[in-house]
Amino acid sequence: MKLHKLTPKDMEILNAIKNVVDGIATMYGSHTEVVLHSLDRENPSVIKIANGHITGRSVGAPITNLALEKLKRGQDISETYLSQSGNGKTLKSITTVIRNEKQMAIGLLCINTDMDAPLMSVLHSMLPQQSPLTEHSGTSEVFAVNIEETLHSTIDKARIQLRSAPLAKLGCLA
């Protein structure tokens, strides 16, 4: 496996993935580090990181030897593996190769979860910050399998809201 100079188009692809880093980190909380590496020949390094406190890395940090080894194996998605951070934390990790339209490896998306974190802290960080959903909150999510199911659910929800809302809230005068 040989690194190459990334093109502006390659960098556009990697830049488009930066919000994915933040999304994954938000979903899994402060005990999961998410790292986007550029595989540019001149500077293979971290270009985006969330929760870098887990390994102590920041943007500009070099790519790890293990990440390069995973890349050489030719798998686009590694098996999960255990490693140890420089400060002794046990990490459960996975590495995913990002390819351009020519199927050349241009980046890596790595996820590292701190396995030494207290379980209650991990669970707390994964829970939504607002109060749990109730049937009256109006924010329940429907995981429909087709568009008809989505439409029926939306209509049913609107009916329930109309029937339970006081007339003044609907802009009607009694």
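Buried means under 20% relative accessible area, exposed over 50%, and partly exposed in between, with a 1.4 Å probe and protein chains only. I wanted that written down before looking at Tyr28, which comes out partly exposed at a relative accessible area of 39%.

**Ground rules.** I am working with a predicted model, where local features need pLDDT of at least 70, side-chain atom pairs count only at pLDDT 80 or more, and totals for chains, interfaces and linings use all residues. Residues are numbered from 1 along each chain as its sequence is written, and side-chain values use heavy atoms, with hydrogens and water left out.

**Overview.** I looked up the secondary structure of the protein chain and got four helices and five strands. Helices (H or I, at least four residues) and strands (E, at least two) are DSSP runs, numbered from the N terminus. Along the sequence the pattern reads α-β-β-α-β-β-β-α-α. Of the 174 residues in the protein chain, 30% are buried. The accessible surface is about 11,500 Å² (Shrake-Rupley method, 1.4 Å probe; for residues, only the protein chains shown count as cover). Carbon and sulfur atoms own 58% of that surface. I also checked contacts, meaning heavy atoms within 4.5 Å. Among those between residues at least 6 apart in sequence, 46% join residues at least 24 apart.

**The sheet.** In what order do the five strands lie? I read E2-E1-E5-E4-E3, an open sheet with antiparallel pairing. Strand E2 (45–50) and strand E3 (81–84) are at the edges with a single partner strand each, so one side of each has no neighbour in the sheet. For pairing I am using the DSSP rule of at least two bridges between two strands. A reminder to myself: strands of a sheet pair through backbone hydrogen bonds, either parallel or antiparallel.

**E1 and its partners.** Strand E1 (residues 32–38) pairs with E2 over five bridges, antiparallel. In that pairing Leu36 has Lys48 of E2 as its bridge partner. E1 and E2 make a hairpin, with six residues between them. With E5, E1 pairs over seven bridges, again antiparallel, and there His37 stands opposite Leu108.

How many residues of E1 are buried? I count seven of the seven, so E1 is largely enclosed by the rest of the structure. In a regular strand the side chains alternate between the two faces of the sheet. Here Thr32, Val34, Leu36 and Ser38 point one way from E1, while Glu33, Val35 and His37 point the other way, and all are buried. Although E2 is at an edge of the sheet, five of its six residues are buried, so E2 too is largely enclosed by the rest of the structure.

**E4 and E5.** Nine bridges link strand E4 (residues 90–99) with strand E5 (residues 105–114), running antiparallel.

**Ser30.** This residue is in the loop between H1 and E1 and is partly exposed, with a relative accessible area of 33%. Leaving aside neighbours within four places in sequence, I find Ser30 in contact with Asn51, His53, Ile54 and Ser125. I also looked up Ser30 and Asp114: 84 residues apart in sequence, 9.2 Å apart in space, C-alpha to C-alpha.

**Positive phi.** Which phi does Asn51 have? It is near 60 degrees, positive in a residue other than glycine. Asn51 is in the loop between E2 and helix H2 (65–72). Gln103 is another non-glycine residue with positive phi, near 65 degrees. Gln103 is in the loop between E4 and E5 and is exposed, at a relative accessible area of 52%.

**Back to Tyr28.** Tyr28 is in helix H1 (residues 8–28). With Met27 and Met126, Tyr28 forms a nonpolar surface patch of about 300 Å² of accessible area together. Patches are made of residues with over 30% relative accessible area and no salt bridge; like charges are joined within 9 Å, nonpolar side chains (Val, Leu, Ile, Met, Phe, Trp, Tyr) within 5 Å. A salt bridge is a side-chain nitrogen of Lys or Arg within 4 Å of a carboxyl oxygen of Asp or Glu.
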